[in-house]
Structure formats: C-alpha cells, structure tokens
Amino acid sequence: MSGLNTSLAYFFIVIGLSALVRVLLARWRRRLGFLIELISAFALAGCRLEIETIAEVGQWAGALGPDVTYTMLFIAIAIHAIIMQGVSGNPAATVMGFLQKEIGVVAMLLSVASQFLGAFLGLLVAGKYWEMELTDMHMIKNLMMSECSTALRAPMLHGAVAEAISAMTFYLVYLVLRNRTQLLRIPILALLLTFFAYAGSNYTSGFVNPSLAFALTFNCPGHTFSEYALVYWLGPLIGMTLGLFLYLGNIPLMFNRNLLYSKKSRFRVPKGKNSEEKTN
C-alpha cells in the first residue's frame with residue numbers, strides 16, 4: 001500500500017497547488033483565462049501520468065490492479081471538474097467554444113497554446129517526481145521513461161476513427177448536460193471518460209483530449225509525430241465538430257440557419273382563438 005499512499009500524496013499536491021493558483025487567478029479570470037487553462041491542463045496531465053504509472057507497473061510493483069487504476073481515474077477526473085469549473089484544459093473544448101462564437105480567435109489560440117504548455121509542464125513535473133524513486137513502482141517507471149510504450153496500439157486510421165467517435169459521444173453528452181446541475185453532470189462525464197479509457201486501453205487509451213495525448217504518448221517511440229497528430233488531434237476535433245453539429249443542427253461560426261432541425265414556435269395559439277378570429 002506504500003505505493004498507493006505515495007501516489008495519493010502526489011495527487012493531493014498536484015491538485016492542491018492547482019486549486020490554489022486557480023483561486024489566486026480568479027479575480028483576473030477574464031484577462032488571464034489562458035493561464036487558468038494552463039493550470040487545468042497541468043493538473044490533468046500530471047494526475048493522468050501517475051495513473052498510467054499505476055496501470056503499467058502497479059500490478060507487479062505494488063499489487064495495484066485495474067480496479068485501483070480506474071477508480072483513481074474516475075476520482076481524479078471528478079475532482080478536477082469540481083475544482084476547475086469553467087475551464088476544460090482540453091483544446092477540443094476550447095475550439096468548440098470558438099465554433100459557437102463564445103470566444104474570439106485570439107482567446108482560442110492563447111488558451112490552446114496554454115493547454116499544450118500546461119500538459120508539457122505536467123510531464124516535466126511527473127518526470128522529476130519519478131526520478132525521486134520513492135517506491136519500487138516509481139523506480140521501474142523512471143527506468144522506463146526513455147522507452148515508454150505508445151498508447152496507440154491500433155492502425156492509424158482505426159485509431160483516428162475511435163478517437164473521433166469517442167469525442168463525438170462525449171461532446172453530445174456534454175452539450176445535453178451543460179445546463180444540468182453539477183451533481184448530475186460531473187459524475188456522468190467522469191464516468192464516460194473513465195469508460196473511454198477502459199474501452200480504449202488496447203487501441204488509443206481514449207484520451208479525447210489533444211493536449212493530454214501530447215503529454216502522455218507523443219514522446220513514445222512507435223509512431224511519427226504526424227501519425228500521432230492525425231489520431232489524437234484531428235480525430236477529437238472531427239468528433240467534437242460532429243457532436244456539435246448533431247446537437248445544434250449547424251455550426252454557428254459557419255452557418256446562420258439550422259441545417260438539420262426545423263424550428264418550432266415556442267408559443268402555441270389556442271385552437272379556440274383561431275376560430276374566433278375567423279368568425280370576426
């Protein structure tokens with residue numbers, strides 16, 4: 001259990017520091033929103049990297065099975081959603097806001113760049129943490145850092161389709177639940193992302209997040225940068241766009257009219273009123 005306790009302490013430090021910085025920046029959220037996105041992506045990548053460590057070597061070095069891995073993943077995603085309300089740490093979600101005309105192009109570019117930088121910082125911090133070799137699990141992970149195993153275990157086209165379908169499903173559910181209470185929305189979305197990670201463990205790991213995938217697998221041998229980009233960047237962006245189109249019936253940035261659904265009048269005229277007007 002020492003390995004699990006060490007991992008829990010790491011989670012508390014990463015999430016605690018991220019929450020503290022988020023509170024300090026809350027006053028300047030409109031001007032420094034991109035920095036909050038950086039912190040959000042940092043927390044996501046930092047926690048997910050440790051969860052990947054548990055998944056890869058925890059069973060042999062710490063007697064930590066898949067049940068622990070996915071439980072920790074669900075808890076980490078849920079806590080991140082609670083602490084980082086209003087920010088996503090996900091470039092695909094930021095681009096969706098741009099397509100909905102909720103943010104401008106400059107804000108989008110700043111946020112996306114910050115998200116990739118935050119994920120990269122999460123990788124650096126996790127690497128320094130593994131170098132401390134506090135447990136056998138982290139000692140093995142530190143030895144594996146130079147030759148990490150890729151998360152893309154499926155053909156490139158199949159991987160891109162899998163990420164696109166996962167992203168489309170996620171954003172459809174997200175849009176449906178967007179105006180629901182957090183008590184309902186957060187557990188469902190966290191459970192959905194955990195399911196993607198479980199179902200995609202032998203394919204793409206179901207990241208559904210371009211910056212997260214950048215930190216977790218782009219530095220691993222086995223595929224070129226362009227192949228990773230096609231699967232983990234283009235796939236989620238296509239899936240997000242399809243999800244938005246299916247939900248709204250159009251892409252607000254591109255089309256002014258609804259292409260899928262006919263608009264129904266919000267107010268219905270009583271039948272009796274129509275008959276009275278005709279007689280008059």
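What follows is a friendly conversation about a predicted model.

Trainee: How are the residues numbered, and what pLDDT do local features need?
Mentor: Residues are numbered from 1 along each chain as its sequence is written, and side-chain values use heavy atoms, with hydrogens and water left out. This is a predicted model in which totals for chains, interfaces and linings use all residues, side-chain atom pairs count only at pLDDT 80 or more, and local features need pLDDT of at least 70.

Trainee: How many helices and how many strands are in the chain?
Mentor: Helices (H or I, at least four residues) and strands (E, at least two) are DSSP runs, numbered from the N terminus. Read from the N terminus on, the elements run α-α-α-α-α-α-α-α-α-α-α. The C-alpha trace spans about 90 × 45 × 35 Å along its principal axes. The chain has 11 helices and 0 strands.

Trainee: What percentage of the residues in the chain is buried?
Mentor: A residue is buried under 20% relative accessible area, exposed over 50% and partly exposed in between, using a 1.4 Å probe and protein chains only. The chain has 280 residues, and the buried part makes up 45%.

Trainee: How many residues of helix α4 are buried?
Mentor: Helix α4 covers residues 91-99 and is largely enclosed by the rest of the structure. Among its buried residues are Pro-91, Val-95, Met-96 and Phe-98.

Trainee: Which side chain reaches the backbone nitrogen of Ala-92 at the start of α4?
Mentor: A polar contact is a pair of N or O atoms within 3.5 Å; within protein, one must be able to donate a hydrogen and the other to accept it, and residues adjacent in sequence count only if both atoms are side-chain atoms. Here a side-chain oxygen comes to within 3.0 Å of that nitrogen, and it belongs to Asn-90.

Trainee: Which backbone oxygen lies 2.8 Å from a polar side-chain atom of Ser-114?
Mentor: Ser-114 lies in helix α5. At 7% relative accessibility, Ser-114 counts as buried. The oxygen at 2.8 Å belongs to Leu-110.

Trainee: Why does the pair of Tyr-10 and Tyr-129 count as stacked?
Mentor: Rings of Phe, Tyr and Trp (its six-membered ring) pair if their centres lie within 6.5 Å; planes under 30 degrees apart count as stacked, over 60 as edge-to-face and the rest as tilted. By this rule there are 18 aromatic pairs. The centres of Tyr-10 and Tyr-129 are 4.3 Å apart, and the pair is stacked because the planes are at 15°.

Trainee: How many residues apart are Tyr-10 and Tyr-129?
Mentor: Both tyrosines are buried. Tyr-10 is in helix α1 (residues 2-25) and Tyr-129 in helix α5 (residues 105-131), so this pair links distant parts of the chain, with a separation of 119 residues.

Trainee: Which ring has the charged end of Lys-141 over it?
Mentor: A charge sits over a ring if NZ of Lys or CZ of Arg is within 6 Å of the ring centre and within 35 degrees of the ring normal. The charged end of Lys-141 is 4.9 Å from the centre of the ring of Trp-130.

Trainee: What is the phi of Val-208?
Mentor: Val-208 is found in the loop between α8 and α9. At 2% relative accessibility, Val-208 counts as buried. Its phi is positive, in a residue other than glycine, and near 55°.

Trainee: Where does Ser-205 lie?
Mentor: Ser-205 is not a glycine, yet has a positive phi of about 75°. Ser-205 is buried, with a relative accessible area of 7%. Its place is the loop between α8 (182-199) and α9.
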